[in-house]
Amino acid sequence: MDRKIRTGIIGIGNMGSGHARSIMEGKCPELELTAVADLNPARLEWARTELSPDIACFPDALSLLDSGLVESCIISVPHYDHPTLAIACMERGIHVMVEKPAGVYTAQVRRMNETASRHPEVVFGMMFNQRTNPVYRKLRELVQSGAYGQLRRSNWIITDWYRPQCYYDSGAWRATWSGEGGGVLLNQCPHQLDLWQWICGMPRRVEAHMHFGLWHDIEVEDDVTAYVEYENGATGVFVTTTGDAHGSNRLELQLDRARMVVENGKLSVLAYDMTEQEFSATNKQAFATVSAHEEDIQPEGEYTGHPGVLNAWAGAILRGTPLIAGGEEGLQGLTLSNAMHLSAFLGRPVELPLDEQLFYDELMKRVATSRRKEGREAVYADTSGSYGGSH
């Protein structure tokens, strides 16, 4: 009989319950769900009745980790606790998969990554399921190949994250500095921030303008426009919100020899017959432009989503095959998020590497005055159809 990895899930909320269903429905054939933990007794009862009465249920994370019932664990709890619980897994030799984001501030994620480096026996993964999308995989391959020259400009408008007020009212921790640590950047956009840097690389300067509670009764950001500059002189803009009832999702890249666009799940590549620099240096017609042609680029493979990430994690544990995203890779996208927040907090551009202590200090000022919605019972929703499976 093929070996199954005994797996626990800490946090049976929206995302944790989705991962539990994937395992129980056989979408992750090398994982066996043996235990779950949640602070909310109602969620443990849900696990017993909806998943299996044979699954061990624990009222806290450490009881699960010390039970001897799991050799791997999925962390799916509010953001601040991601690094703490991941470290607890590593110190016990338990393989760990962390939901996005890696944490709230980079200093805590750096500590998590440093712990991981001391425990090479532990397989540490990050739930960046959008990296399984063949469209983004192909885009990255094209950009990183160098065949189209260097990046000149990147623009991502990702505004199809609409959330009504009742979404934010569904839990005391939501959309608060003390409970969530941020808004649309930290909850909905970690996948896009990860993909942006995975495809285009990290910028050297970030400037962001954001509104806090512009469209909702919340204290964190729900409307963001960020501008970045890369080392080679390229620029980028990232626009996001949870306030547009019918938004867009369009990523456009300009390179020396191509325009590449991802929209509506499709990749289009307009290849230039020469680089813009070559054309500009030789052309004698004032209103002419580079001749170009559409290339037939076909992404390969299927979009496997969350189960694909979990199956790759199982393969890494059992056979040493590659992860979709190593856990340490959560740092880069979070650095972008932290830099955008810091720029907005200070009202000026921020240089990378990030001043992590300054960001932490500014964040804690806001945490100190955060208004938690105490006494509000959490409401859970099925996220199976949501883009990227956001919390």
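These are my notes on a few places I looked up in a predicted model.

**Ground rules.** I used the model with local features taken at pLDDT of at least 70 and side-chain atom pairs only at pLDDT 80 or more, while totals for chains, interfaces and linings use all residues. Residues are numbered from 1 along each chain as its sequence is written, and side-chain values use heavy atoms, with hydrogens and water left out. Helices (H or I, at least four residues) and strands (E, at least two) are DSSP runs numbered from the N terminus.

**Strand β4.** I started with β4, residues 72-75. Ser72 and Ile74 on one side are buried, and so are Cys73 and Ile75 on the other; buried means under 20% relative accessible area, exposed over 50%, and partly exposed in between (1.4 Å probe, protein chains only). In a regular strand the side chains alternate between the two faces of the sheet. I then looked up the neighbours of β4. Strand β1 (residues 5-10) runs parallel to β4 and is joined to it by four bridges; strands count as paired if DSSP finds at least two bridges between them. Gly8 has Cys73 as its bridge partner in β4. Strand β5 (residues 95-98) is also parallel to β4, again with four bridges, and there Ile75 is partnered by Val98. Between β4 and β5 I followed helix α4 (residues 82-91), and the three make a right-handed β-α-β unit. Right-handed here means that, with the strands pointing away from the viewer, the path from the first strand over the helix to the second runs clockwise.

**Asp38.** I found Asp38 in the loop between β2 (31-37) and α2. I did find the backbone nitrogen of Ile12 at 2.8 Å from a polar atom of the Asp38 side chain. The backbone nitrogen of Asn40 also lies 2.8 Å from a polar atom of that side chain.

**Helix α12.** I noted 17 residues in α12 (330-346). Of these, 14 are buried, so α12 is largely enclosed by the rest of the structure. Just after α12, Gly347 has a positive phi of about 75°.

**Asp54.** My last entry is Asp54, in the loop between α2 (41-51) and β3 (56-58). Asp54 is exposed, at 71% relative accessible area.

How values were computed:
The expected span of a helix is 1.5 Å times one less than its number of residues. A polar contact is a pair of N or O atoms within 3.5 Å; within protein, one must be able to donate a hydrogen and the other to accept it, and residues adjacent in sequence count only if both atoms are side-chain atoms.
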